[in-house]
Protein chains: 4
Amino acid sequence: MKLRERFQTFMHNEALKKKLYIIIFESDTPLGKTFDVALMWCIILSILLVFVESMQGLPAVIKPFMVWAEYLFTAFFTIEYLTRLYCSPKPKEYALSFFGVVDLLATLPFYISWIFGGARYLMIIRTFRLIRVFRVFKLFSFLNEGNILLLSLILSSRKIMVFFLFVVIIVISIGTIMYMVEGDLPNSSFHNIPESIYWAIVTLTTVGYGDITPVTPLGQFLSAVVMLLGYTIMAVPTGIVSATMIKESGTSKVSDDNENLDDEIIEEMSNDIDTRTCPNCGRGGHDQEAVFCKYCGERL
Amino acid sequence: MKLRERFQTFMHNEALKKKLYIIIFESDTPLGKTFDVALMWCIILSILLVFVESMQGLPAVIKPFMVWAEYLFTAFFTIEYLTRLYCSPKPKEYALSFFGVVDLLATLPFYISWIFGGARYLMIIRTFRLIRVFRVFKLFSFLNEGNILLLSLILSSRKIMVFFLFVVIIVISIGTIMYMVEGDLPNSSFHNIPESIYWAIVTLTTVGYGDITPVTPLGQFLSAVVMLLGYTIMAVPTGIVSATMIKESGTSKVSDDNENLDDEIIEEMSNDIDTRTCPNCGRGGHDQEAVFCKYCGERL
Amino acid sequence: MKLRERFQTFMHNEALKKKLYIIIFESDTPLGKTFDVALMWCIILSILLVFVESMQGLPAVIKPFMVWAEYLFTAFFTIEYLTRLYCSPKPKEYALSFFGVVDLLATLPFYISWIFGGARYLMIIRTFRLIRVFRVFKLFSFLNEGNILLLSLILSSRKIMVFFLFVVIIVISIGTIMYMVEGDLPNSSFHNIPESIYWAIVTLTTVGYGDITPVTPLGQFLSAVVMLLGYTIMAVPTGIVSATMIKESGTSKVSDDNENLDDEIIEEMSNDIDTRTCPNCGRGGHDQEAVFCKYCGERL
Amino acid sequence: MKLRERFQTFMHNEALKKKLYIIIFESDTPLGKTFDVALMWCIILSILLVFVESMQGLPAVIKPFMVWAEYLFTAFFTIEYLTRLYCSPKPKEYALSFFGVVDLLATLPFYISWIFGGARYLMIIRTFRLIRVFRVFKLFSFLNEGNILLLSLILSSRKIMVFFLFVVIIVISIGTIMYMVEGDLPNSSFHNIPESIYWAIVTLTTVGYGDITPVTPLGQFLSAVVMLLGYTIMAVPTGIVSATMIKESGTSKVSDDNENLDDEIIEEMSNDIDTRTCPNCGRGGHDQEAVFCKYCGERL
């Protein structure tokens with residue numbers, strides 16, 4: 001069939017792919033930049049739309065406009081996702097990358113709620129697409145900071161997990177004890193053990209809603225102990241992360257010398273950082289003279 | 001008597017002991033692993049059972065099932081404890097070790113509540129048995145992190161105790177002052193000095209339930225001072241623990257070099273760490289080629 | 001015209017300018033010191049006046065006095081601002097400096113509320129003038145500490161901004177999920193998504209007002225997760241700032257040696273630090289023998 | 001007069017003074033130790049008495065016993081104070097030292113309330129006498145830790161004061177803005193600016209009572225900003241104190257090597273530390289072979 005052939009040609013039109021790729025995946029060209037900024041605005045507007053939709057007492061007259069706006073945004077995001085798949089040199093890698101999954105999830109909830117109803121608010125997953133803001137505005141040094149933060153957290157994660165196991169054991173024990181102490185009172189707000197554990201977490205983390213509070217002297221004494229415990233062990237994750245960050249920042253070159261700081265910041269800001277992303281792994285931040293991706297060795 | 005003889009033989013059946021020991025105390029063999037995983041599930045299910053029991057408004061039809069489940073779990077834990085005692089080469093050491101005491105306490109509450117009534121919820125002590133999870137899943141490096149955390153806390157404990165004495169003096173003083181300021185008001189929630197001290201702790205630790213709040217301008221001013229104080233002195237335990245951790249992590253080899261991190265993590269994860277525990281002191285984490293316990297010198 | 005000539009003479013009366021400059025901008029002379037202390041009191045009193053004005057149920061008899069006091073303070077601040085402009089060698093630089101803008105804003109709200117009504121409470125901007133307290137009381141070492149703090153925050157700002165973007169994404173996601181979980185309940189306090197996001201921030205930051213609380217078990221479970229998350233990621237900004245401060249304090253000379261501390265503090269306190277401010281950039285803290293501003297090279 | 005002479009002899013009975021001094025001021029002898037422990041118990045009991053007194057609904061039958069107990073404690077503390085004055089080699093120095101003032105204040109409130117009424121609860125000042133517990137139980141190493149903590153805070157105090165000035169400016173500004181936003185609402189809990197500032201402090205310090213909460217979307221948005229601000233700037237005092245402590249602990253010898261830790265702790269605990277206090281300045285912690293006070297040079 002003619003149609004199938006044309007489709008085949010279209011699917012292998014490398015020149016078109018390349019052109020679209022530069023617009024959609026990069027932001028070095030004016031068109032690419034414009035596209036990325038427009039995309040950011042679409043994401044923000046579609047999030048605000050979800051916010052507004054959730055409000056009660058809206059005038060009935062806006063309703064149809066909002067429905068149409070939703071159709072438009074979803075159509076735009078769907079086309080964008082398909083185009084990304086089309087023009088990506090390695091569509092499978094893109095589809096399975098973090099941004100690829102998020103891009104897909106950003107369009108799905110609408111279709112699901114269209115067919116099955118419900119699940120509409122899951123559109124909020126579009127928020128995650130905002131992480132792209134760093135790439136769009138060439139704020140790679142920020143992404144770098146994010147990587148250091150993430151690395152610190154990952155390096156600390158084992159210590160934090162051990163800490164959490166102990167927190168879980170503590171809150172289960174405390175919650176049960178509090179239920180035994182205050183559970184039988186007629187006006188008690190400790191209705192059962194899971195609720196008491198919820199209270200223990202509220203107290204230990206110093207959140208302190210006040211929806212469940214002890215009323216007996218013994219209960220108040222136990223609460224005070226939990227609070228002081230929470231106040232003290234709060235020091236543990238902070239100490240863990242601080243210690244890791246201090247060591248991290250000692251080895252990173254970025255913030256080593258403080259004297260040239262202003263120059264450094266200015267340079268970083270004005271520096272014409274390359275916005276090319278790797279067609280294979282989708283990661284950015286490559287040097288301008290780079291020919292191969294520094295993460296996976298793929299040709300850029 | 002014949003029976004007594006058979007019991008004597010059973011009590012000295014070293015081959016059976018060895019076999020059981022490998023199953024119950026270690027998790028290198030498929031059977032040992034299966035046993036440990038089953039044990040973990042029993043612990044988790046018995047904890048959930050306590051949770052469910054505490055809930056009001058359960059259909060009466062479930063009640064008998066829950067009672068039977070409780071019988072079963074307790075029987076299982078009792079048999080397990082007795083078997084551990086039986087097959088441990090040094091039963092006394094095991095019985096007095098941390099895990100030995102916890103294993104005993106995990107079975108007792110049921111019998112106590114059976115005879116005397118009450119105390120049933122103390123079964124929650126089974127939670128502490130979950131610490132074994134690290135051994136079961138060969139996460140010795142995690143236990144190691146736990147040791148570093150514990151060491152940091154122990155090293156900081158004297159400073160933290162001094163800090164606590166001052167916190168106690170502060171909250172007693174503040175609580176009394178607040179009682180003098182707001183205690184005489186008709187709608188006051190500061191009914192007596194202990195309750196005011198409870199309020200002072202709630203405020204100083206930034207928990208802030210809101211069940212007791214000042215209503216006079218002077219009381220609100222004093223509260224604001226307490227809050228700012230609590231906000232600032234929170235820095236003290238954090239500073240203590242951070243300082244200790246930074247020094248600790250400087251001397252520990254585990255996380256010294258960041259470059260080889262990924263290799264290290266992978267190696268640690270995949271490394272076929274030995275799950276044998278010392279029959280004398282009960283500690284694990286021995287190298288595969290080890291013949292003697294590295295903690296107490298006992299033959300493994 | 002005669003008047004214009006006299007105005008011209010007045011505007012170029014360098015001797016008068018110099019004299020006023022020493023009184024208003026500096027506090028080395030007794031008159032300069034007296035002026036600065038009087039100014040501080042005026043600022044504090046005018047702030048207290050705004051406080052009192054906001055209270056309901058004041059006796060009607062005080063009203064006129066308060067109006068007159070307001071006139072007086074505004075007149076004083078206006079004249080002071082004009083005099084500062086008049087006697088500053090570089091009026092434009094002063095007018096655009098931080099203190100110049102604050103000095104102007106401290107007088108404007110009254111005139112605006114006089115002409116248009118409202119906006120009267122904006123006079124509270126006078127609070128910012130209190131930062132001058134450090135100069136008046138020769139506490140330059142304090143200002144120095146402030147600079148170190150500020151520098152630490154600026155150096156950490158990129159990391160903190162990345163952290164905030166993630167916090168924003170987290171609270172939007174959590175808020176939406178909570179709205180989906182609890183929004184449909186008849187007695188729900190989660191009325192719409194923005195309110196749920198507000199709740200997520202209240203919980204994540206461990207503030208915990210308790211005006212919006214989950215009532216379903218699932219909602220309470222999610223809340224507990226958010227609390228533990230907030231409790232842990234609180235460590236991130238602290239770790240960032242701590243790491244920066246430790247590095248900063250390592251390079252700063254001020255607090256390098258602890259042995260001579262008492263001497264140092266005494267010396268700093270008693271030291272007759274110069275209160276001259278640069279006529280060009282308005283910054284103080286110059287050495288007594290300094291002839292040129294150490295910041296901009298302007299003659300003092 | 002005979003009486004006067006006898007009083008004179010008594011006042012100069014150096015042997016008696018010495019004997020009493022060893023009992024009251026030191027705790028090396030069995031009698032001295034017994035006295036100190038008895039004193040601690042008296043302090044704790046008299047504090048508990050104040051607690052109990054503040055409770056409403058006590059049976060009338062206890063009242064007289066409590067009054068008598070109060071008489072007894074006050075008599076004991078008064079006699080103790082006078083004896084301390086009598087047997088101290090330099091009574092004036094003792095009377096003006098921290099402990100001397102606290103010892104006096106611990107007896108005064110009773111007499112004041114006896115003559116003028118009221119002020120009775122100020123007896124709680126006796127709590128401060130508990131700081132002596134470290135001396136009684138020979139926990140000088142703890143006092144040492146306390147000194148390091150105190151030194152860290154003093155070294156950080158200037159930075160913390162600058163931080164507080166900014167916090168004050170922030171809460172005044174935020175409180176005023178919130179009053180402008182929510183003050184006019186009919187059901188507003190922001191009644192006036194001071195109350196709004198109180199709210200701002202409650203929110204910024206993440207205490208979050210919930211007695212005053214915003215109800216408008218704009219107010220909730222502003223609150224969220226304040227919370228995130230408070231969540232972040234909490235890092236500043238922590239960073240300050242951590243940085244100081246890390247530097248401090250780097251220079252202190254006490255906790256320098258971690259290997260010999262257990263030995264060190266044991267040694268410190270068992271070490272027969274001298275409990276002599278300087279008769280001039282009242283400070284303890286002298287070496288056993290010391291002949292002169294290491295703080296003021298007075299002969300011990």
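Reply: First a term: contact means heavy atoms within 4.5 Å. This is a predicted model, so local features need pLDDT of at least 70 and side-chain atom pairs count only at pLDDT 80 or more, while totals for chains, interfaces and linings use all residues. Residues are numbered from 1 along each chain as its sequence is written, chains are lettered from A in the order in which they are written, and side-chain values use heavy atoms, with hydrogens and water left out.

Me: OK. What does A:S223 touch?

Reply: Not counting residues up to four places away in sequence, A:S223 touches A:M178, A:W199, A:T203, A:P214 and B:Y198. A:S223 sits in helix α11 (residues 217-233) of chain A. Helices here are DSSP runs of H or I with at least four residues, numbered from the N terminus.

Me: Is A:S223 buried or exposed?

Reply: Buried, with a relative accessible area of 0%. Buried means under 20% relative accessible area, exposed over 50%, and partly exposed in between, using a 1.4 Å probe and protein chains only.

Me: Now chains C and D. What area is buried between them?

Reply: About 4,600 Å², with carbon and sulfur atoms giving 74% of it. Buried area is the accessible area (1.4 Å probe) that two parts lose on being put together, summed over both. The contact takes 51 residues from chain C and 49 residues from chain D.

Me: How many salt bridges cross that interface?

Reply: Zero between chain C and chain D. A salt bridge is a side-chain nitrogen of Lys or Arg within 4 Å of a carboxyl oxygen of Asp or Glu.

Me: Last one. What is the phi of C:T206?

Reply: Positive, about 60 degrees, although C:T206 is not a glycine. Most residues other than glycine have a negative phi. C:T206 is in the loop between α10 and α11 of chain C and is buried at 0% relative accessibility.

Notes. Helices (H or I, at least four residues) and strands (E, at least two) are DSSP runs, numbered from the N terminus.
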